[in-house]
Amino acid sequence: MLNMQSFLQLNTIFISILIEAIPFVLLGVFISGFIQMFITEEMIAKIIPKNRFLAVLLATIVGALFPACECGIVPIVRRLLLKGVPLHAGIAFMLTGPVINPLVLFSTYVAFGNKWDTMLYRGGLAMVVAFIVGIILSYQFKDNQLIKNTLLHEHAVEGTFFQKLKGTCRHAVDEFFSVGKYLILGAFIASAAQIFIKTSTLLAIGQNDLSSSLVMMGLAFVLSLCSEADAFIASSFSSTFPLGSLIAFLVYGAMVDIKNTFMMLEAFKKRFVFILIVYISVLVLIGSLFIPFK
C-alpha cells in the first residue's frame with residue numbers, strides 16, 4: 001500500500017531521474033535536429049565504410065568520443081539511421097556513447113578512488129559488447145528496424161544558415177515531445193520500482209559470481225541512472241559485491257534501463273528491441289564473469 005512517506009519518496013526519485021535525464025535529452029534532440037538540417041545522405045555515405053567490420057569499429061570509436069546519455073542518444077541514432085547509417089553501425093554507436101565517453105570514464109575513475117582498473121574494465125567490456133552486437137545485427141537485419149521509417153524520412157533542406165538553424169529548432173521541439181512522454185513513463189516506473197523492490201532482497205540473492213552479476217544488472221535496469229552519475233552509486237556497493245558485478249552494473253545500466261527501453265520502443269520495432277536487449281544482457285553477463293572478482 002502506498003502511504004504518504006512512500007509517495008513522497010517516489011515523487012523525489014521521479015523528479016531526480018527527470019532532472020538527470022532531461023538536459024541530455026535536450027542535447028540529443030538538438031543534435032538530431034542539426035543532423036536533419038545540415039547533414040546529407042551523401043556526407044554519411046562518404047564517412048561510413050562499406051565493410052561491416054570497419055563500420056562497426058568506426059561507430060564504437062566515435063561513440064567513445066561522444067558525450068551522451070543513454071536516453072539522449074536514442075533520438076540521435078534514429079535520425080542517423082534515417083540518413084542512411086547502417087543499423088549495425090548506429091546501434092554500436094548507441095551502445096558505446098553513454099558508457100565510454102570521456103566524461104563517464106573520468107567520473108568512474110574518480111568514484112572508485114582514482115583507480116584505473118575499474119575505468120578500463122568498464123570501457124573495455126562496453127567496446128567488446130557494442131562491437132559484437134553490431135556484427136551480429138549486420139548479419140541478422142537488412143533494414144533499419146525503425147517504426148516510422150517512411151514518415152520521418154526527410155532530406156536536408158536547402159536555404160540559408162539561419163533558415164536551417166530555425167529548422168533545427170523546430171525538429172528538436174518535435175523530437176522532444178515525441179520522446180519526452182516515454183522518458184516520463186519510464187522514469188515513473190523506475191522510481192516506483194525503487195520504492196517497492198527492497199535492496200535487501202537483491203543482496204540476499206547475489207551470493208556467487210553469476211548471481212551477483214545478475215542482481216547488479218537488474219538493479220541497474222531498475223535504478224535507471226544517468227551514466228555520468230552511476231559510478232558513484234556502484235562504488236557504494238564495493239564492500240558488498242565483487243568487481244565483476246560492479247562492472248556489469250556500470251555497463252548494462254548505461255546500455256539498457258527502464259527509461260531508455262521505452263524510448264527505444266518508440267523508435268524501433270518491438271521484436272528488434274527485445275532481441276537487442278537479449279544480446280546485450282547475455283554478452284554483459286558473460287563478459288563480467290571474465291573480470292577478476294576481487
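These are my notebook entries on a predicted model of one protein chain.

**Ground rules.** I number residues from 1 along each chain as its sequence is written, and side-chain values use heavy atoms, with hydrogens and water left out. Since this is a predicted model, local features need pLDDT of at least 70 and side-chain atom pairs count only at pLDDT 80 or more, while totals for chains, interfaces and linings use all residues.

**Confidence.** I began with pLDDT, the predictor's confidence in each residue, from 0 to 100. Its mean over the protein chain is 81, and 84% of the residues reach 70 or more. Among the elements, helix 15 has the highest mean pLDDT (96) and helix 8 (residues 149-152) the lowest (50). Over residues 150-156 the value is below 50, and beyond near neighbours in sequence I found 18 contacts for this stretch in the model. Contact here means heavy atoms within 4.5 Å.

**Overall build.** I looked up 15 helices and zero strands. Both are DSSP runs numbered from the N terminus: helices are H or I with at least four residues, strands E with at least two. Of the 294 residues, 54% count as buried. The cut-offs are under 20% relative accessible area for buried, over 50% for exposed, and partly exposed in between (1.4 Å probe, protein chains only). Contacts between residues 24 or more positions apart make up 88% of those with a separation of 6 or more.

**Core.** Which residues touch the most other members of the largest nonpolar core? They are Ile91 and Phe268, in a core of 80 residues. Helix 13 (residues 243-255) gives the largest share of this core, ten residues. Apart from it lies another core of eight residues, including Leu10, Ile17, Ala192 and Ile195. By a nonpolar core I mean buried Ala, Val, Leu, Ile, Met, Phe, Trp, Tyr and Cys residues joined through side-chain atoms within 4.5 Å. Leaving out residues up to four places away in sequence, I listed the partners of Phe268, among them Val77, Leu81, Leu87, Ile91 and Val273.

**Helix 4.** Two of those Phe268 partners, Val77 and Leu81, took me to helix 4. Helix 4 (residues 73-82) is mostly covered, with ten of its ten residues buried. Arg78 and Arg79 are among the buried residues there. After helix 4 comes Gly84, whose phi is positive, near 110 degrees.

Is His88 buried or exposed? His88 sits in helix 5 (residues 87-100) and counts as buried, because its relative accessibility is 14%. His88 touches Arg52, Ala55, Val56, Gly134 and Ser138, again not counting residues up to four places away in sequence. Ile136, in helix 7 (residues 116-140), is partly exposed at 30%. From His88 to Ile136 I get 8.0 Å, C-alpha to C-alpha, across 48 residues of sequence.

**Surface.** The protein chain exposes about 13,500 Å², and carbon and sulfur atoms supply 72% of it. These areas come from the Shrake-Rupley method with a 1.4 Å probe; for residues, only the protein chains shown count as cover. A nonpolar patch with about 780 Å² of accessible area together includes Leu210, Leu214, Phe274 and Val282. Helix 11 (209-223) and helix 15 (270-289) each give two or more residues to the patch, and helix 15 gives the most, with five. Val282 lies in helix 15 and counts as partly exposed, at 43% relative accessibility.

Terms used. Patch = residues over 30% accessible without salt bridge, like charges linked within 9 Å, V, L, I, M, F, W, Y side chains within 5 Å. Salt bridge = Lys/Arg side-chain N within 4 Å of Asp/Glu carboxyl O.
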